[in-house]
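Visitor: I would like a close look at a single part of this chain. Please keep it brisk.

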Amino acid sequence: MPTPASRISAFFLVLLLALLAALTPRAHAGAYEAELPANLATAPDLCALLPCAEVFPDAQRFSQRKGQPPYVEAYGAEGALLGYVMLSTDITDTPAYSGKPVVTLIGMDKEGRFVGLKVLKHSEPILLLGIPEQALINFNNQYLGKSVTDTIEVGPSRPDENVVGVDAISGATVTVVAQNQVVMTSGAAVARQTGIIAPTVREPARFVANGQQYDWAQLVQMGAVQQLLVKPEQVGLERGPEPFIELWFGDLNQPDIGRSLLGKNSYERLRASLKEGENAIFVIRTAGAESFKGSGFVRGGIFDRVQVKQGADSFTFRDLDFTNLYGLEAAGAPRYSEAAIFIIRSPSFSAAYPWKFAFLGNRVDRATGHRSFTVFESKYWLPASVLEGGRPIVVEPDAPWVRIWKSQAWQIAAFALLLIAVGVVYALRERLTRLSTHKNKWPVNGFKYTFWAISIFVVGFGLMAQPSITQVLTWFHSLLFQWKWSLFLTDPFIFLFWIFIIVTVFLFGRGLFCGWMCPFGSLQEAIYKIARFVGLGRFQTKLPQKWHDIFKWLKYAIFFGLLTVSMFSMGLAEKLAEVEPFKTTFLVGVTNRAWPYSLFVAVLLGISIFIERPFCKYLCPLGASLAMPSTFRWFGLKRKQDCNSCKACAVGCGAQAIDEKGRIDHRECLHCLDCMILYTDTKGCPPLARERKRRDKDGLELTPIGKNGYFIPIHPAKVEDQIMPRAVGGPDPRMPTDPTLPAHKRGVGALRWLLLELRDHLWPWSAEGWRSQRALQIAGLSLAVAATVAWGLAATGHLSAGAIIGWWFGWSMYEVLIRLSGRRYVKDGPWWRDNYRVAGVMDMMSYVGFKNLMIGAALFLLLQALGLLAPW
């Protein structure tokens with residue numbers, strides 16, 4: 001006869017399979033990864049390819065692309081100019097959360113008011129599955145009628161600061177902050193060209209000239225000459241020995257620098273040709289076959305591959321702004337194959353202020369062949385020593401993430417204090433548990449229940465700061481490929497939450513976050529407790545331990561599956577991550593999701609009435625990702641020798657994290673602290689209760705409970721004298737597995753200990769393994785050599801990032817087997833101690849996986865810093 005628990009678990013598994021089937025990626029809808037015309041970046045007639053009329057409904061016709069960056073003029077029935085249409089990727093490639101830009105078509109009237117926005121393509125999976133794409137459309141509609149001259153930010157309006165706010169999309173903060181930057185940057189770039197925004201007035205440069213003559217090396221060292229280097233792989237081409245293009249550029253206005261570069265006569269002729277307020281720069285190409293002149297090297301054309309940017313202003317060059325550079329006179333100047341002097345005629349430019357030289361191009365996606373707009377920039381600022389009065393003070397506008405932190409400073413500070421309070425309370429857990437008993441747990445539960453309530457209603461539904469496995473995958477990919485702090489700082493609550501999680505996982509294990517502060521975990525636990533309070537306790541049950549020991553591995557399988565899929569498609573991994581009910585519960589709401597998502601949440605919470613935290617224990621990939629480093633937490637929960645025969649704690653453990661030997665699996669423990677309460681409870685802990693009764697009967701003093709969990713002896717005595725005979729000979733429950741100490745680490749000095757420690761981490765082979773599994777060890781050596789060669793190929797640019805990840809993953813799996821056959825031990829607690837214990841399979845997988853992730857990330861970052869790693 002099937003038990004109620006078995007029926008519930010069977011139904012639970014069927015539901016999960018049905019949900020995964022429902023979430024199998026379907027055909028793309030809307031703008032998600034939509035196909036765009038192949039020649040979109042270069043076609044003169046933009047509106048022949050895109051629906052410009054949708055973003056400027058009153059227009060009857062549109063011009064071809066004009067200006068730099070380009071835009072399109074919109075005309076009415078009488079031929080009157082109505083405004084402008086621009087493609088965001090012609091102007092900026094600001095990435096959203098996916099790392100790719102949201103391609104947007106923008107309409108703006110001639111007064112600078114936005115009249116239409118249309119998303120053509122995006123790569124945000126959360127807007128396909130997590131959040132309806134309509135939410136992005138509604139977000140963009142907030143700009144209609146607002147002016148490009150307004151200060152528009154995501155968040156509440158601040159009239160006293162002249163800030164106009166737009167509402168964010170819940171759960172997609174990074175996406176909308178990036179989109180706000182795209183809309184405002186694109187609109188401002190066109191508004192400055194068309195006179196809607198008045199040009200910036202900068203004080204003209206006043207130079208200090210003393211007749212100093214500089215050679216090329218000196219000019220480079222002082223920053224008067226700068227390099228802009230573009231490699232083939234940066235534009236999607238095969239890696240090669242030659243750069244795509246190497247440019248050197250600099251200022252020709254400062255007399256000493258100009259004469260050093262051009263020679264006295266050429267410099268004087270150049271200055272004589274310039275009008276007052278005009279400035280000159282030089283550009284040379286020293287390597288690469290690509291031309292920086294582009295199609296502008298034709299009479300009447302425009303140089304469409306180079307720009308100068310200063311602040312929010314962009315300066316482009318026509319044929320009349322070009323003059324030949326016939327030679328460089330500075331000693332040691334490199335040979336070059338293309339050269340030019342460009343004249344900046346705008347009065348907005350000042351050589352005293354910092355500026356950027358930009359090379360514009362297209363990146364080819366090697367997988368699809370599609371081209372995307374990209375800009376390569378190099379900063380330039382004349383040395384303070386050649387400017388009268390030094391460099392002027394320049395106040396750069398705050399980055400979007402800085403504005404977010406400033407606008408929510410009080411909420412962020414309160415959230416940080418909450419996390420600190422949780423950490424402090426948990427650090428004092430022993431004091432709280434000693435004040436509690438199995439019949440009165442309120443000294444602990446008072447704090448715990450308060451934090452649950454705050455987690456559910458304030459953190460979850462209020463701040464919508466629910467950590468997710470998608471963030472783990474994003475952090476992992478960013479660490480390996482392209483780390484951007486701004487990507488994570490844009491959501492300050494999630495950022496602070498992850499600092500809390502990382503610190504506490506290594507100190508205490510996953511249980512503090514999962515058991516005390518996870519909004520969805522707290523919601524499940526609250527439902528379970530309330531159900532018990534209203535009389536449903538008699539229906540509440542646990543899965544049989546043997547079933548639990550099987551199902552608990554499911555969350556690890558889900559996590560590794562998502563991690564593997566993300567290596568090939570981050571978008572697909574984010575879709576499959578809908579196995580987490582977090583978006584539906586807190587970010588979007590069950591009423592705003594399709595019925596399979598809402599049903600999944602309802603069933604999970606319904607099962608939570610009868611089984612404590614079913615999602616946390618069996619399905620949560622986030623919990624699985626945190627459980628692995630929990631293997632090496634510094635501080636665990638206390639056990640005493642008697643725990644190997646007493647089952648009181650195991651019976652009351654809702655997480656079912658205590659095995660038949662009384663050992664706690666800290667990967668599964670959710671830190672309810674019930675076992676810690678029993679640890680010092682003289683009436684609830686059976687060994688203590690027996691000792692208490694014996695002392696009462698014999699009229700002996702009841703001494704306090706010591707740190708070892710026993711009564712402090714009345715007379716000096718060994719702890720073993722207080723332990724039940726059958727407990728003394730059993731396994732030691734104070735360690736997750738049997739303690740051990742490798743023979744080579746016994747009685748060695750500090751220096752040898754460090755060398756052996758390094759060897760243990762880097763050399764998995766051993767004499768024991770060689771004797772027991774010789775074939776496996778030989779195969780491991782072969783695979784290690786192959787993995788080393790793979791890293792060498794990656795370092796020379798002959799192996800892509802994706803391939804090296806595959807090799808490193810394969811080696812890691814094999815290393816687990818090698819170590820299990822010989823070096824079958826891991827450390828328990830702080831790494832500087834020699835608390836070794838026998839490693840289980842999961843222990844070894846956690847150790848090898850985490851170790852090799854750190855080593856691999858370090859090698860990746862090193863190769864990337866040296867510019868040696870080929871792209872994905």
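Visitor: What do β11 and β12 form, and which residue in the turn has a positive phi?

Guide: β11 and β12 form a hairpin. Two residues lie between the strands. In the turn, G311 has a positive phi of about 60 degrees. This is a predicted model, where local features need pLDDT of at least 70, side-chain atom pairs count only at pLDDT 80 or more, and totals for chains, interfaces and linings use all residues. Residues are numbered from 1 along each chain as its sequence is written, and side-chain values use heavy atoms, leaving out hydrogens and water.

Now the strands themselves. β11 covers residues 302-310, and β12 covers residues 313-318. They pair in the antiparallel sense over five bridges. Two strands count as paired if DSSP finds at least two bridges between them.

Step back to the whole chain. It holds 32 helices and 18 strands. These are DSSP runs, numbered from the N terminus: helices are H or I with at least four residues, strands are E with at least two. Of the 872 residues, 51% are buried, meaning under 20% relative accessible area with a 1.4 Å probe, protein chains only. Take contacts (heavy atoms within 4.5 Å) between residues at least 6 apart in sequence: 69% join residues at least 24 apart.

Finally, compare the hairpin with a helical stretch. Residues 775-793 are 100% helix and 0% strand. The end C-alpha atoms there are 27 Å apart.

Notes. Buried < 20%, exposed > 50% of the residue type's maximum accessible area, 1.4 Å probe, protein only.
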